Amino acid sequence: MQNKPSFALLPYALWIVLFVIAPIALIVFYSFLDIHGEFTLENYWNFFSAEYLQMTLTSFWYAFLITFFTFVFAYPTAYLLTKTKHKYLWLTLIIVPSWINLLLKTYAFIGILGLYGPVNAVLEVFGFEPTQMLFTDFSFIFVAVYIFIPFMILPIFNSLDKLDRSLVEAARDLGASGWDTFRRVIFPLTFNGVKSGIQVTFIPALSLFMITRLIAGNKVITLGTAIEQQFLVADNWGMGSTIAVFLVIFMVASMLFTGVRTKGGRAK
Amino acid sequence: MSKVSAAGKVYLAVVFVILYAPIFYLIFYSFNSGGTMSSFESFTLEHYAAVFEDTRLIVILINTVLVALLSALIATIVGTMGAIGIASVRSKAMRQTLLSLNNVLIVSPDVVIGASFLILFTMIGARLGFTSVLLSHVAFSVPIVVLMVLPKLLELKSSLIDAALDLGASRRDVLTRVILPLIQPGIYAGFFMALTYSLDDFAVTFFVTGNGFSTLSVEIYSMARTGITLTINAISTLVFAVTVLVVVGYYFVTNRAKAAAEAGVRV
């Protein structure tokens, strides 16, 4: 299938120019504009003001906590899944909830965590006073972890699934304890899966805005919420674009850091 | 292979229960005649009736499905052509560049995509609504189609194409009777992924939707912001049913395709 790449590539090339290159260029361009459309560096100065730095730090802290807890729950799940009899069936069943519309799942938690919801009902049985769990840090992190868990399980499951069983057996034969085998053989060999899992959790966690609005109670605590706020509430596209530029920079940095490159080229 | 311990089984069971609990919780209360998601009064279908009587909601449902099907279809065509184009590029550096550009929208946060598309559409003076939402969905679905189709193309043996050409097939024949049938599983997977991306998208749509037009996600968001409405619960039952049907349907389609492809060829 040599020749004629030009014809097949034409709509695709158009797509790249219009929806990949142009949007990036526009975001960078707008980040230098103030609210009246005049050229300025003010947005960048603002970003380094105490208010925004604090917000960025908070956003990172939440993203870190979300990624951490997602990992803590996802790894054992993936590990146990690889040991079940019909592992692919179980994996599919784990993934199915992630195909249900995100908004519906988030909405469910408004009821579940609410003052009269089932969680409080259970707590009451054990003699605790019902408390409003919505609009707290706990509820925000819990719901975010719930949303991200299947996406973390998937890459970890894949890397565990590919793990050569004989290496584990060799470690055990040579006298390593279960924990040693895990720490020095299994975990290092599946670390790439963990890194992809972190990648698909951390940056989306920085840019969440729907969950912060619905569950964390309208606080601007993530970079994503700040962008949404600037674009759709404050109508300050320049500042919004500046935050977006930084979010993209953080994204690239975290991709370099986790070092997982989506390699193209030959499949085999 | 070691078995899962009892504690392991309990852990997995707890994870499953937590993952499915919110969905069944929504479905359960969709039949509640009381207006809340906390005390179940008696069984009713009134919330389902409310969904089907609300013409605005029906229009939104139709819009959502229409945008998903159309955007998945267009993205599959553009993406498949793009993948064929990329596979035909000889220079390795050029191919790598194209792939990097391809992946930009896959790794970018939704908010950034949404915001930049909003600027783009405003800049070219497009009215926000059906077209802008459709174009955005096509835009973020194209790269995933490429990623699904490209591996199939690269697995393709060039000897097959040479054989077809030697036997007198025209280029068109080669494309429609050799290449496309062989990469079909990738195309199906791409279409399916594009469909789910579109149906699940909230953030990008939220930015480019404007005032008059809405999709299910955006509508649920605005409904949920005003509090609990059991109409949303009824919708979620319907969405869950459709999702399960689509997943099962997709499973059978790909299994049939796989069985056909594996007849004689062991993968």
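Reader: What makes residues of domain 1 and domain 2 of chain A count as being in contact?

Author: Two residues are in contact if their C-beta atoms, placed from the backbone, lie within 7 Å. By that criterion, 13 residues of domain 1 of chain A are in contact with 13 residues of domain 2 of chain A. On the domain 1 side, α12 (223-233) and α13 (237-258) of chain A each supply at least two residues; helices are DSSP runs (H or I, at least four residues), numbered from the N terminus. This is a predicted model, in which local features need pLDDT of at least 70 and side-chain atom pairs count only at pLDDT 80 or more, while totals for chains, interfaces and linings use all residues. Residues are numbered from 1 along each chain as its sequence is written, and chains are lettered from A and ligands numbered from 1 in the order in which they are written.

Reader: Why are α13(A) and α5(B) called oblique to each other?

Author: The axes of α13(A) and helix α5 (residues 110-123) of chain B cross at roughly 140° and come within 10 Å. Angles under 35 degrees count as roughly parallel, over 145 as roughly antiparallel, 65 to 115 as roughly perpendicular and the rest as oblique. The two helices are therefore oblique.

Reader: Which residues of α13(A) and α5(B) make the contact?

Author: W237(A), G240(A), A244(A), L247(A) and V248(A) of α13(A) meet V112(B), A115(B) and I119(B) of α5(B).

Reader: How many residues of chain B are in contact with chain A?

Author: The contact involves 70 residues of chain B and 61 residues of chain A.

Note on methods. Axes fitted to C-alpha atoms, helices over the stretch in contact; angles between N-to-C directions.
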